[in-house]
Amino acid sequence: MKSKFHGEKSNDVKGGSFLLKKGAEAYLYLEDWYGLKVIAKRRVIKSYRVPSLDLELRRYRTIHEAQLISSAKTLGIPVPTIYEVNIPETTIVMEYIPGLTLKQLITTCDEHWRLQLFKEVGSLIAKLHLNGIVHGDLTTSNMILSDTNRKVFLIDFGLGEYSKSIEARGVDLHLMLRALESTHPTVARKCFDYVMQGYQEVAADLAPLVLKRVQDIRRRGRYVAR
């Protein structure tokens, strides 16, 4: 049975720590932090790296991700509030967002709701792109419909960057299209069209340029595949 912890098995976290997810670069823990339920994202040591370089990379990526999330927050994008950045421990402590991921919702909701959800996602991506932020990992697992305010929250900016290049923005959306096709093939095209509708409403001048770049990137991939 799926729990409220974004599909992971739940556990009593009072006074302790519960491992939610193991990623390639970091582990996510659900923890009690001064009476608040929080997510602690801890970047893990990579033994194949030179230790000093590994620590430097983990510290840089921790700081960089926290900066991206904070920048998105100032733009009014629904993202987790950051409570603490522990640089020596390469850990970000942030708000826990109760709710379901769009990955969990996408095949269970009706078409009208899907339209609303993915148009909202598109508008959020457009706001990021207009302000020089590229998310870097726009999968439906990194989008949570909050139980609290019914807004879509974007999470996990670990692969994000600051960029205003059309290429970077196109890659961002192309990766989302590929992720949709991989995990939700029956509704992928419609959902991406809804994303672009929301994007167009916020960034009318930018949208055609970025969509053209998405198409160019797609053609490049097909050419290489041959």
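A: Let's open with one term: a salt bridge is a side-chain nitrogen of Lys or Arg within 4 Å of a carboxyl oxygen of Asp or Glu. Keep in mind that this is a predicted model, where local features need pLDDT of at least 70 and side-chain atom pairs pLDDT 80 or more, while totals for chains, interfaces and linings use all residues. Residues are numbered from 1 along each chain as its sequence is written, and side-chain values use heavy atoms, leaving out hydrogens and water.

Q: How many salt bridges are there between domain 1 and domain 2?
A: The count is 1. Asp156 pairs with Lys41, and their closest N and O atoms are 2.9 Å apart.

Q: Where do the two domains run?
A: Domain bounds come from an automatic or database domain assignment. Here, that assignment gives 17–95 for domain 1 and 99–224 for domain 2. Their C-alpha centres lie 23 Å apart. Where they are in contact (heavy atoms within 4.5 Å), domain 1 brings 14 residues and domain 2 brings 16.

Q: How much area do domain 1 and domain 2 bury between them?
A: The size of an interface is often given as the accessible area lost when the parts come together. Buried area is just that loss, found with a 1.4 Å probe and summed over both parts. For this pair it's about 1,300 Å², with 71% of it on carbon and sulfur atoms. On the domain 1 side, look for Leu68, Ile77 and Pro78: they supply 42% of the area that domain 1 buries against domain 2, more than any other three residues.

Q: How many residue pairs are in polar contact across that interface?
A: A polar contact is a pair of N or O atoms within 3.5 Å; within protein, one must be able to donate a hydrogen and the other to accept it, and residues adjacent in sequence count only if both atoms are side-chain atoms. By that rule, 7 residue pairs cross the interface, both partners at pLDDT 80 or more. β3 and α1 (51–74) each supply at least two residues of the domain 1 side, and α1 gives the most, with 7 residues. Those labels are DSSP runs numbered from the N terminus: helices (H or I) of at least four residues, strands (E) of at least two.

Q: Is Arg43 buried or exposed?
A: Buried means under 20% relative accessible area, exposed over 50%, and partly exposed in between (1.4 Å probe, protein chains only). Arg43 has 7%, so it's buried. You'll find it in strand β3 (residues 36–43). Its side chain makes a polar contact of 2.8 Å with that of Glu65. Beyond neighbours within four places in sequence, Arg43 is in contact with residues including Arg58, Thr90 and Gly158.

Q: How many disulfides does the structure have?
A: A disulfide is a pair of cysteine sulfur atoms within 2.5 Å. The whole structure has 0. Cys109 is buried at 6% relative accessible area, and Cys191 is buried at 0%.

Methods. Buried area = accessible area lost by both parts, 1.4 Å probe.
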